[in-house]
Amino acid sequence: SKSHRFSYLIERDNTVATIEQIQTLLSELGPNSEGIAAILQNDDDQWSVVIDEMTIVTLDYDADEDKLLLSLDLGTPAEESRLHIYETLLCYSLLWREHGGVHVGLGGRGGPLYLLYEFGGRDLGLAELRTVIDNFVEASLVWRAFVAGAGEAPTAGGEIPQGVIRV
């Protein structure tokens, strides 16, 4: 069975990743990655990795912190299920150590929910970036189904269930 954990640590030194390095990495990622439809640069420090029309991972680079933030729209829950979904996802976010720092944010009152993951940009390689994106997208599928009312939330404790990311 495919593991839903990140099984690597990225070695760090004092080198700060530059936007040019990230652009080069993303330009290599597209042609070398099955399942990626397109990679678009939205701004100097923001890109969209398009998996399909419903699955778009946004990467934002913070040069001051040398971090990449991945985000993915999970959808907007139906009004009658919002409280249950918000409570579940707040509990999930509180357990960030259990799933490698992945958390969820709300895009404004009554707006969509976003799955978020932040990690260092130094010395990031093509294989590591691909692993991060693959696992992030896979986790989003479980949460997107839950937000849409078509699935159950992963549970905490014990075996890491499908859809939960570990770093």
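Tutor: Helices (H or I, at least four residues) and strands (E, at least two) are DSSP runs, numbered from the N terminus. The model is predicted: local features need pLDDT of at least 70, side-chain atom pairs count only at pLDDT 80 or more, and totals for chains, interfaces and linings use all residues. Residues are numbered from 1 along each chain as its sequence is written, and side-chain values use heavy atoms, leaving out hydrogens and water.

Student: In what order do the elements of the chain run from the N terminus on?

Tutor: The chain has three helices and six strands. Read from the N terminus, their order is α-β-β-β-β-α-β-β-α.

Student: What percentage of the 167 residues in the chain is buried?

Tutor: Accessible areas come from the Shrake-Rupley method with a 1.4 Å probe, and for residues only the protein chains shown count as cover. Buried means under 20% relative accessible area, exposed means over 50%, and partly exposed is in between. Of the 167 residues, the buried share is 40%.

Student: Is D66 buried or exposed?

Tutor: D66 sits in the loop between β3 (55-62) and β4. Its phi is near 50 degrees, which is positive although the residue is not glycine. Because its relative accessible area is 4%, D66 is buried.

Student: Which strands do K67 and E118 lie in?

Tutor: A salt bridge is a side-chain nitrogen of Lys or Arg within 4 Å of a carboxyl oxygen of Asp or Glu. The side chains of K67 and E118 meet in one, at 3.1 Å from N to O. The pair ties together parts that are 51 residues apart in sequence, because K67 belongs to β4 (residues 67-75) and E118 to β6. The strands are therefore β4 and β6.

Student: What relative accessible area does E118 have?

Tutor: K67 is partly exposed, at 31%. E118 is also partly exposed, with a relative accessible area of 42%.

Student: How many salt bridges does the structure hold?

Tutor: Side chains of opposite charge can pair when their charged atoms come close. Besides K67 and E118, the side chains of R130 and D134 meet in a salt bridge of 2.7 Å, N to O. The number held by the structure is two.

Student: By about how much of the helix are R130 and D134 separated?

Tutor: R130 is buried, with a relative accessible area of 18%, whereas D134 counts as partly exposed at 25%. Both are in helix α3, and because they are four residues apart, their separation is about one helical turn.

Student: How far apart are the end C-alpha atoms of helix α3?

Tutor: The expected span of a helix is 1.5 Å times one less than its number of residues. Helix α3 (residues 126-147) has 22 residues, so it should span 32 Å. The distance between its end C-alpha atoms agrees with that, at 31 Å.

Student: Which residue with positive phi follows α3?

Tutor: The phi in question is near 85 degrees. The residue is G149.

Student: What distance separates the C-alpha atoms of L124 and Q21?

Tutor: L124 lies in the loop between β6 (113-120) and α3, and counts as buried at 14% relative accessibility. L124 and Q21 are 103 residues apart along the chain, and their C-alpha atoms are separated by 9.1 Å.

Student: And what distance separates the C-alpha atoms of G111 and P77?

Tutor: G111 is in the loop between β5 (103-106) and β6, and counts as buried at 10% relative accessibility. P77 is 34 residues away along the chain, with a C-alpha separation of 8.5 Å.

Student: Which residues form the negative surface patch?

Tutor: Patches take residues with over 30% relative accessible area and no salt bridge, joining like charges within 9 Å and nonpolar side chains (Val, Leu, Ile, Met, Phe, Trp, Tyr) within 5 Å. Lys and Arg count as positive and Asp and Glu as negative, with His and the chain ends not counted. The place of a charge is NZ of Lys, CZ of Arg, CG of Asp or CD of Glu. The negative patch consists of D43, D44, D45, D62, D64 and E65.

Student: What is the relative accessible area of D44?

Tutor: D43, in strand β1 (residues 38-43), is partly exposed at 46%. D44 lies in the loop between β1 and β2 (46-52). D44 is exposed, with a relative accessible area of 57%.

Note on methods: Buried means under 20% relative accessible area, exposed over 50%, partly exposed in between (1.4 Å probe, protein chains only).
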